Amino acid sequence: MANILLSTLANYWKTVSDWVKGTDTTSAPKVTASIVGSLASGVTDALPVQLSGSIIARTSPVPVQTVGNTYIIDTLANAVSVAAGGKTDDLDLGLTNEREAWVLVSIDKQPWTLAGGHLLYPLSDGGAYAFYPIRNNQTTTHSITGPCFTFYMGTYVPETLGQTPATLKEAKEFKMPYRSGIKIKVVNGHATDTATITVKILRIWG
Amino acid sequence: MTDDRKQEIITALQGIYDGFEPSEEEPEITMFGLISRYNSTGQNTELIGGQWVVANCPEPLCSLPS
C-alpha cells in the first residue's frame, strides 16, 4: 500500500483534464489515437452517393454501348419434308429492329421458290420480290453447311419503287423498315420427289 | 401413327445414323442430313421431319444439330 497526498492526486487529475481539453500541450499521452480514413483536403460539399435503384427514369431508354455487329441465327424450319409441288408451313420471320435479315435455305431438290410477305402485305403469298436475289424456280440445291443466302428487303421493291435492284448494294439501299408478322414459305417445285428443307434466319444488328 | 410404324421409322433412322460416314462436305450428321437420307429411301410416306425426330426419337437422334 502506498500513501499519496490528496493534493498530489488532484494535480494528476488536473493534468489529465488539461490534456483532454487541449489546454496542456506538453504532457505526452500514453495512448495514441489515429484517424482511419479521411476526406481529401479542400472538400467542403457532401459527396453524392448512389444507394440503389436506377438513375434512369423508367420511361427512358437505357443507353447501351455496343462494339461491332451482333447477330443471331434462328432455325425457322428444321429438316421439314415437303412433298412434290408442296410448300412449307408459313414461317414467321420474327423481325423486330434488325438492321439486316437474311434467309438461309438448305434444300435437297430443285427447282424451288422462296416467297414471302412485305411491309404492306405480310402473308407468305406476297411473292418472291421482297428478296434479293429473287429465288423463283431456283435450280440449285443447298446443303446444310452451304445454305442459299437471300437478303430480305422488307418490301416488294419492283412494285413500290418501280425498279429491280441489280446489286446487293442497291438492294440494301432499297431496304424498307422491317415489320413484325412477316411470313415466308419455300415451295418444292420438283415434279415427283419429296424435298428436305431447313430454313434459318440470320439477324444482324449494329 | 401406330406404335409399330413409329418403331419402324425409328429403326430406319437409327440405321441411317449408324451408317453415316463423315466427309469433307459433311463432317457430321445433322437433322437435315438424316431426313434427307430417309426421304431418298422413298419410305417417308408420313412426311416426318426434324420436329418429329426431336419429339419421338431417343438420343442421339433427337439431339442432332439443325
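Predicted model: local features only at pLDDT ≥ 70, side-chain atom pairs only at ≥ 80, totals over all residues.
**Polar contacts, B to A.** Between chain B and chain A I count nine residue pairs in polar contact, with both residues at pLDDT 80 or more. I then looked for salt bridges across the interface of chain B and chain A, and the rule finds zero.

**Which elements of chain B touch chain A?** I find two that give two or more residues to that side: α2 (31–40) and α3 (50–56) of chain B. α2(B) gives the most, with five residues. I sorted the residues on the side of chain B that touches chain A by type. They divide into five nonpolar, eight polar and one charged.

**Extent of the contact.** I looked up the residues on each side: 14 come from chain B and 19 from chain A. Next I took the buried area. Chain B and chain A bury about 1,100 Å² between them. Carbon and sulfur atoms hold 57% of that area.

**Chain A by itself.** I turned to the fold of chain A. I list three helices and eight strands. Along the sequence, the pattern reads α-β-β-β-β-β-β-α-α-β-β. I checked how far apart the contacting residues are in chain A. Among contacts with a separation of 6 or more, 74% join residues 24 or more positions apart.

**Surface of chain A.** Of the 206 residues in chain A, 33% are buried. I get an accessible surface of about 13,100 Å² for chain A, with 58% of it on carbon and sulfur atoms.

Conventions. Residues numbered from 1 in each chain as written. Chains lettered and ligands numbered in written order. Heavy atoms only, no water. Contact = heavy atoms within 4.5 Å. Buried area = accessible area lost by both parts, 1.4 Å probe. Salt bridge = Lys/Arg side-chain N within 4 Å of Asp/Glu carboxyl O. Polar contact = N/O pair within 3.5 Å; in protein donor to acceptor, adjacent residues only side chain to side chain. Helix = DSSP H or I, 4+ residues; strand = E, 2+ residues; numbered from the N terminus. Nonpolar A, V, L, I, M, F, W, Y, C, P; charged D, E, K, R; others polar. Buried < 20%, exposed > 50% of the residue type's maximum accessible area, 1.4 Å probe, protein only. Areas by Shrake-Rupley, 256 points an atom, 1.4 Å probe, with all protein chains shown as cover.
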